[in-house]
Amino acid sequence: MQVVRTMGIIKISMEPPVIDVKNLVKRYGDKTVVAGITFSVAEGEIFGLLGPNGAGKSTTISILSTLLGFDEGEAKVGGLNLKREKTGIKKIIGFVPQDLAIYPALSARDNLSFIGRIYGLSGAVLAGRVNEVLELTELTDRADEPAGNFSGGMKRRLNIGAGLIHKPRILFLDEPTVGVDPQSRNFIFEHIERLNEEGMAIVYTTHYMEEAERLCGRVAIMDGGRILAIDTVQGLIGLAKDGIIFLGIPSESTETAVKPFQPMDVRSTMAPDGRLKLETHRVDESLLKVIAVCKEQNIAILSLELLKPNLETVFLHLTGRRLRD
């Protein structure tokens, strides 16, 4: 049994996981890039792999997509063994890489037709499916133009269409919104949500917090080839208990203002901009106490800012603030 949140709805799945990974390891020489990770993905789930550059996200889905081998562990995709049944797995998955996998000299129609033939489609079935995908990606009006003439967003949409041409059961998306305009980005989000509503399982890698929060039922945060935490978005946010209250008060009150808050469950310091900074485990409850203390002490509140924990807070807490290549 798996408890899965998909499209904001909690579901209990009695089906076996559509992806089941146990102690997966991938090395390049002496360097371990995937270090014994374990996770599963349920039927109809959008599962996020979130991490900084070099975390091992792309390597993981390249392995699960049969593009890379692995050194240790085991995995099943669609119930098929990743070591022994790669041919069967290729038939049921779609893979949309971060780098565009389209031919710029070919038209959108010819790109999709070529990839469809690779998956064994032909004749009227292939032609019909190409038209469906062109309509799905809103490229019908430009179907016979060279893909090299397309905007970045159009190329991304064609890239996704190529991964969908054979109606896969499972879709792997590796950073699909890199370098696209806001309109194309929103189109991609809506399209992913629609595919998920139709029952497709999706594995989505990103380092954008807002994408994971919007799309993913569960998220695994990776760094250094390891999974540091895995849960629903709200479950992960619960790991970062501290919130911050910034309190603007008159300058003549700052020297004496810290003391009244010390009995509360807060850590009070002065922020560089002169505001009082109150860190607390229970933001909403503490806010009411702060307002009450200010009233009792006759301290004027000039400004008030509330920062609650979010996914970015957890991400930085787990992965650190060090810049990555």
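Predicted model: local features only at pLDDT ≥ 70, side-chain atom pairs only at ≥ 80, totals over all residues.
User: Let's begin with the rings. Why is the pair of F39 and F47 called stacked?

Analyst: Rings of Phe, Tyr and Trp (its six-membered ring) pair if their centres lie within 6.5 Å; planes under 30 degrees apart count as stacked, over 60 as edge-to-face and the rest as tilted. The centres of F39 and F47 are 5.1 Å apart and the planes stand at 5°, so this pair is stacked. Two aromatic pairs turn up in a search of the whole structure.

User: And what makes the pair of Y103 and F114 edge-to-face?

Analyst: Here the ring centres lie 5.5 Å apart and the planes meet at 90°, so the label is edge-to-face. Y103 sits in the loop between β8 (93–96) and α3 (108–118), and F114 belongs to helix α3, eleven residues apart. Helices (H or I, at least four residues) and strands (E, at least two) are DSSP runs, numbered from the N terminus.

User: Why do Y103 and F114 count as partly exposed?

Analyst: Buried means under 20% relative accessible area, exposed over 50%, and partly exposed in between (1.4 Å probe, protein chains only). Y103 has 43% relative accessibility, so it counts as partly exposed. F114, with a relative accessible area of 35%, is partly exposed as well. F39 and F47, by contrast, are buried.

User: Which residues have the most contacts inside the largest nonpolar core?

Analyst: They are I19, V21, F39, L64, I170 and F172, in a core of 29 residues. Strand β4 (residues 31–41) supplies the largest share, five residues. Apart from this core lies another of 28 residues, including I160 and V233. A nonpolar core is a set of buried Ala, Val, Leu, Ile, Met, Phe, Trp, Tyr and Cys residues joined through side-chain atoms within 4.5 Å.

User: What does F39 touch?

Analyst: Not counting residues up to four places away in sequence, F39 touches I19, D20, V21, F47, T60, L64, I227 and I230. Contact means heavy atoms within 4.5 Å.

User: On to the sheet: how do you know that β3 pairs with β4?

Analyst: Two strands pair if DSSP finds at least two bridges between them. Strand β3 (residues 19–28) and β4 are joined by eight bridges and run antiparallel. R27 stands opposite T32 in β4. On its other pairing, β3 meets strand β6 (residues 72–77) over five antiparallel bridges, where I19 is opposite V77 and V25 has E72 as its bridge partner.

User: What makes β4 and β7 the edge strands?

Analyst: The open sheet has four strands in the order β4-β3-β6-β7, with antiparallel pairing. β4 and β7 (80–81) each pair on one side only, and they are the edge strands.

User: How does the span of helix α6 compare with the expected value?

Analyst: The expected span is 1.5 Å times one less than the number of residues. Helix α6 (residues 182–197) has 16 residues and reaches 23 Å from its first C-alpha to its last, close to the 22 Å expected. D181 caps the N-terminal end, with a side-chain oxygen 3.1 Å from the backbone nitrogen of Q183. Just after α6, G199 takes a positive phi of about 105°.

User: Why is T206 called buried, while E138 and K167 are called exposed?

Analyst: T206, in strand β10 (residues 201–206), has 1% relative accessibility and therefore counts as buried. E138 is at 57%, so it counts as exposed, and K167 is exposed at 57% too. E138 lies in the loop between α4 (123–136) and α5 (152–164), and K167 in the loop between α5 and β9 (170–174).

Key: Residues numbered from 1 in each chain as written. Heavy atoms only, no water. Polar contact = N/O pair within 3.5 Å; in protein donor to acceptor, adjacent residues only side chain to side chain.
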